[in-house]
Amino acid sequence: MGVPTVFPAGLPTGPVQRTDMLRFATAGSVDDGKSTLIGRLLYDSKAIFSDQLEAVEKASAAKGDDYVNLALLTDGLRAEREQGITIDVAYRYFATPRRKFVIADTPGHIQYTRNMVTGASTADLAIVLVDARKGLVEQSRRHAFIATLLRVPHLVLAVNKMDLVGYSQDVFDAISDEFTRFAAKLDITDLTVVPISALHGDGIVSRSPNMPWHEGPSLLHHLERVHVSSDRNLIDVRFPVQYVIRPQSVDHPDYRGYAGTVASGILRAGDPVMVLPSGRTSRVAAIETIDGPVVEAFPPMAVTVRLTDDVDISRGDMICRPGNAPEPRQDLDAMVCWMADKPLQRGQKLAIKHTTRTARVMIKELHYRLDVNTLHRDESAVELGLNDVGRVTLRTTQPLFADPYRRNRATGGFILIDESTNATVAAGMVLDPSHRVQPPFTEYAI
Amino acid sequence: MTATPRTGSLLPEGEYRLSQLDTLEAESIHVFREVAAELERPVLLFSGGKDSIVMLRLAQKAFWPARIPFPVLHVDTGHNFPEVLAYRDRRVAELGVQLVVASVPEAIESGLVTQPPDGTRNRIQTPVLLDALEKGRFTAAFGGARRDEDKARAKERVFSFRDDFGQWDPKNQRPELWSLYNGRIHAGESIRVFPLSNWTELDIWQYVRREGIELPAIYYAHDRAVFERDGMLYADNEFCRPRAGEKVFTARVRYRTVGDASLTAAVLSDADTVEAVIDEVSVTRVTERGATRGDDRFSEAAMEDRKREGYF
């Protein structure tokens, strides 16, 4: 292996620490060194075990590599090796004393937009990898765009293979400047650019002596410290009722609790609430868990809410605040990423799953197909094929309580399901109704 | 770059933040409730291992103060550690849940499966499991598998669709976005559900400590008569006898995983408390399956092959 780096602070041992969790998505192809980067992060944080390393050493030797090919650590299924393809999103885990990390490792080829969308949907941060020798390519722009489309709050551009350009500051600065100019056209809230060599470990755990000119953080330093709790929407109380708990037991003959996961906002005992779709109002009597009552519930806590009044509530209803509730709507404008072989067409009928509510939906209008490389809007498009992204208007059979996705990822995202095959065929992001005229993205030329 | 204020940014950093264990717990509870709400006949696969014990605890939390609204299924290979069976029966009684036992010895008796000549029963568990799921008309089965265990698992969904033969098709998985799970199935098909997908071995142990969860005693260091085979330590018991040349000796060991007693190996350990185990797991350099499971050693793709056949 190149230069093995040593993880400085040891592993989380001793008492349970108040570490939190960061989910990040990596996008890039094998050529960009994505697998090597992930292998490096796992290796340097000691998340790799000796039996796994041994298997990789053997495989590297068999291939004739003169270094341990860390990329092989993330090599997946036999089905993939046999066909030379990467099937899907793989999830990897590592931890440092500060954080537990979940990596959604997505293949970066053009046909895999659906996998990147999937990985980005739950990510707090996305790493876009570029090869320092090649600079930005079409794929880098596409990855950045998809991260933006899915509202991943933090973006990292990792300029890899710096060793192959002599650790040149000029090369790094040129790529960084070009990307920053491009990012200004997207709606990126936080961008960090880091120079690294995944193969040799430069700039991963600590700043590299080979790049003294770089004043920013190392990649891991950034991952450990990036602020993510403020990314959650803590303003708009949205509690989709998931399951009604009624023990009907001797101990709890009349108990009726509404179980669910807080989608956004902070719910407190005593708060006045409004329930959709009925519009009935009540107060929070208690927020309960098996471990005792909770004073404040915030996302993504899973709790049970009891109300002071006997209101008729079932799964799919939404508890919110009287002065802050989404408007129940049956017509929704949304960006969708199509994930099925059979194309999306106007007039098509599907099932929609939004929060805990399921309804049927018709595609009323396909406004345009978006070229994810240029952001060109093709308004003559009559269908969306596999991996296409486009803007549609949907008509639902019953009202949904949706917020614009850019304001609320939990209540702005939905999936579409083909009712005959039961396959998940699209991911959708609700647009702000005020965007009807002004499209959310600016077209750019490469 | 953006005109919209970020809604949460009014609050100071550090507040309204969940720890990793709380985040994982909330995610698992969400999954349990989603399945109970959307799928008609779920069942929880319980092996007596630490993962299924944690899973049972999470199920209890998800529906409290009501009882767990589905039964528990144990695929009993007949090669059991007695401590594990005792634990199972006690826990099931405490929770008031129904226990269904699918017996491999009975399946051998009835001719559903044939005992392989090497005496192991891992592979023949699968038809017994599938038979029990079919007989119970179960449409969803919770399993305690974690993605950090194996590379086939790393690519599996939380809701893992299975066809009417119980088979997993890695190339044809449903995309899983946000926390929106698609549990729709046709008659005969089913979903395997993995609420612990994002937990690691260390998370499990930290949770065991935090929750004060009791585990079968074999998870902690004890003296046991063992012998070495293929670099692993097997207990000398009625299901697994030393072969010629394999010497039995007493060692201080514990189990990192608990499965079929003929296949699960022990590791040398002095860790006799949960704290000591956490320290040990924190610095261990071998995966738990690599260290202890004869069943995963058969080939590099052993797990993938078994999952395709319907193994959980």
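Start with B:N80, which sits in the loop between strand 2 (72-76) and helix 3 (82-95) of chain B. Keep in mind that this is a predicted model. B:N80 has 18 C-beta neighbours inside 10 Å, so it counts as partly exposed; being buried would take 20 or more.

Staying in chain B, look up B:W178 in the loop between strand 5 (159-162) and strand 6 (190-193). Its phi is positive, near 50°, and it isn't a glycine. B:W178 is partly exposed, with 19 other C-beta atoms within 10 Å.

A:R151, in the loop between helix 5 (138-149) and strand 5 of chain A, has a positive phi of about 60° although it is not a glycine. A:R151 has 20 other C-beta atoms within 10 Å, so it is buried.

Now for helix 1 of chain A, residues 34-44. Here 11 of the 11 residues are buried, so the helix is largely enclosed by the rest of the structure. Those buried residues, including A:K34, A:R40 and A:D44, pack against strand 1 (20-28), strand 2 (90-95), strand 3 (99-107), strand 4 (125-131) and strand 5 (154-160) of chain A. After the helix comes A:K46, with a positive phi near 60°.

Finally, check two cis peptide bonds in chain A. One runs from A:L276 to A:P277, with omega near 10°, and A:P277 lies in the loop between strand 11 (272-276) and strand 12 (280-289). Another joins A:P299 and A:P300, with omega about 0°; A:P300 is in the loop between strand 14 (296-297) and strand 15 (302-307).

Notes:
Residues are numbered from 1 along each chain as its sequence is written. Chains are lettered from A and ligands numbered from 1 in the order in which they are written. This is a predicted model: local features need pLDDT of at least 70, side-chain atom pairs count only at pLDDT 80 or more; totals for chains, interfaces and linings use all residues. A residue is buried if 20 or more other C-beta atoms lie within 10 Å of its own, exposed if 12 or fewer, and partly exposed in between; C-beta atoms are placed from the backbone. Helices (H or I, at least four residues) and strands (E, at least two) are DSSP runs, numbered from the N terminus. Two residues are in contact if their C-beta atoms, placed from the backbone, lie within 7 Å.
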